[in-house]
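Hi,

Here is the structure I promised to pass on. Please have a look at it, and my notes follow below.

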Amino acid sequence: MMNSKLEPTKRKRIKTDEEYSDEHSEHKPLCKYGEKCYQKNSYHLQKFKHPHRDPVVKPELELQVKEKSDESITCLMSSGSTGMKEQETPAESTPSSVTAEHGIDYQESKGDDNELAHSPLDVKENIKQKFLVEMPDDFYQFWSFCQSICQQNTLGKLEIIELVGPFELLDKTQKESKLKDKSDNLLTQWRFYYDPPEFQTVMVGDLSKGYHIGYFRDAPNEMPAFVGSNTESEGCVLTPMSDNLFSAVSQMLSVTVKKVDPFKKSQLMSLKKQLEDWANKNGILIEPQNQILKKRKKLMVAKTFYECGIVVPVDKRTNVGYRQIPETSANIKKICKKIVESQNLAEQNKNSDALQELVTYVQYANDESDYGMGLELGLDLLAFGGEVFHPTILHLLGVAYELLERKEFFVMLKTHLNNRRRLATAETGN
């Protein structure tokens with residue numbers, strides 16, 4: 001396999017057949033999403049006009065994927081103890097029915113869109129198209145750091161952590177490699193059982209426990225609020241680590257070196273020093289975890305079962321935007337436990353009365369513009385786990401994401417619930 005290198009380069013934009021078709025057809029209806037449309041598949045482009053798409057050839061600064069050496073960058077820090085069976089890279093598919101009612105046309109991609117290295121040429125746009133969110137600057141900086149380590153060839157393959165998800169789109173060789181996560185949709189690849197739509201995995205560690213690191217963002221059109229981690233086998237809690245990947249990985253290495261043999265320890269310490277030196281040279285702050293936790297607590301309006309909190313707009317003068325659920329977190333967990341452990345449908349319906357009452361309170365809150373309440377309860381049910389809650393989760397979070405203008409999260413949620421699985425237990429054979 002080949003290494004990849006990100007570097008800025010100027011390229012001319014060439015009109016596609018679809019753009020020419022849009023330009024010359026007078027009979028097609030305008031795309032209802034206007035300038036917000038990011039569709040690339042030919043069916044959509046041929047059916048609707050997109051006059052905002054600039055047909056003029058002009059230079060643009062793009063991040064390009066280049067081949068560099070005979071080793072994949074994502075294997076530099078690979079988790080060698082995953083126990084996962086390698087699968088052929090699946091064709092990417094996307095839900096065509098996710099939904100008109102929520103204002104997002106996320107149709108199934110066709111043709112070259114299924115090839116990770118090809119569509120579109122602009123790497124940032126490619127990631128946004130496939131994952132529905134933009135990656136922050138430190139994401140690309142961390143990729144560059146990993147390339148520098150591969151070029152120096154000083155560490156080889158350290159069995160620590162593996163770059164996955166959006167990182168795989170940066171590596172052109174991934175088109176020809178075997179991905180370990182057999183999910184047939186990029187929105188669900190490396191999405192662990194408890195992960196909310198707000199969390200995007202970019203690194204995985206010990207998959208026997210389901211350890212993973214990713215970005216948490218409060219809204220899909222915002223940059224991440226923090227880099228956090230979760231261990232699936234230990235439950236739903238998402239732990240804020242830092243505001244960038246460098247600081248997060250530095251923390252992880254500090255913990256890991258205490259658990260390994262002396263030979264591996266020296267390698268990890270070397271990696272940690274290289275990472276921190278590279279960060280300092282490029283003006284990237286390595287700050288203590290407690291600073292991130294303090295910042296987060298000041299912003300969040302409710303803790304949720306995830307314990308990392310939610311943030312919603314609240315009018316400081318009227319306090320409109322969020323109201324507390326009229327029940328303690330402990331009691332909500334008891335309600336959920338009784339529902340999950342019900343012996344039959346009649347008992348389940350009876351035990352669900354208390355939850356339905358809370359859903360009714362959410363409806364009252366939504367009517368009075370306190371949208372945060374539904375978001376909190378929906379995420380609590382997702383964090384608790386159990387397929388019995390999926391319809392209620394879809395209802396609560398579907399409405400909350402609509403009202404909060406976070407519709408991309410609903411696309412992720414629906415796709416996840418259609419293919420929700422415990423990656424940690426899957427790897428241990430349980």
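Let me start with a helix pair: the axes of helix H11 (residues 353–367) and helix H12 (residues 372–384) come within 8 Å and cross at roughly 150°. That makes H11 roughly antiparallel to H12 (angles over 145 degrees count as such). In H11, Leu355, Leu358, Val359, Tyr361, Val362 and Ala365 meet Met373, Gly374, Leu377 and Leu381 of H12, contact being heavy atoms within 4.5 Å. The residues of this contact divide into nine nonpolar, one polar and no charged, with Gly counted as polar.

This is a predicted model, in which local features need pLDDT of at least 70 and side-chain atom pairs count only at pLDDT 80 or more, while totals for chains, interfaces and linings use all residues. Residues are numbered from 1 along each chain as its sequence is written, and side-chain values use heavy atoms, leaving out hydrogens and water.

Now the rings. The structure holds 14 aromatic pairs (ring centres within 6.5 Å; planes under 30 degrees apart are stacked, over 60 edge-to-face, the rest tilted). Phe216 and Phe226 have ring centres 4.9 Å apart and planes at 5°, so the pair is stacked. Phe216 is in strand E5 (residues 211–216) and Phe226 in strand E6 (residues 226–231). Both Phe216 and Phe226 are buried (under 20% relative accessible area, 1.4 Å probe, protein chains only). Tyr401 and Phe409 form an edge-to-face pair, 5.5 Å centre to centre with 65° between the planes, and Tyr401 and Phe409 are buried too.

Happy browsing!

Key
Axes fitted to C-alpha atoms, helices over the stretch in contact; angles between N-to-C directions. Helix = DSSP H or I, 4+ residues; strand = E, 2+ residues; numbered from the N terminus. Parallel < 35°, antiparallel > 145°, perpendicular 65-115°, else oblique. Phe/Tyr/Trp six-rings, centres within 6.5 Å; stacked < 30°, edge-to-face > 60°. Buried < 20%, exposed > 50% of the residue type's maximum accessible area, 1.4 Å probe, protein only.
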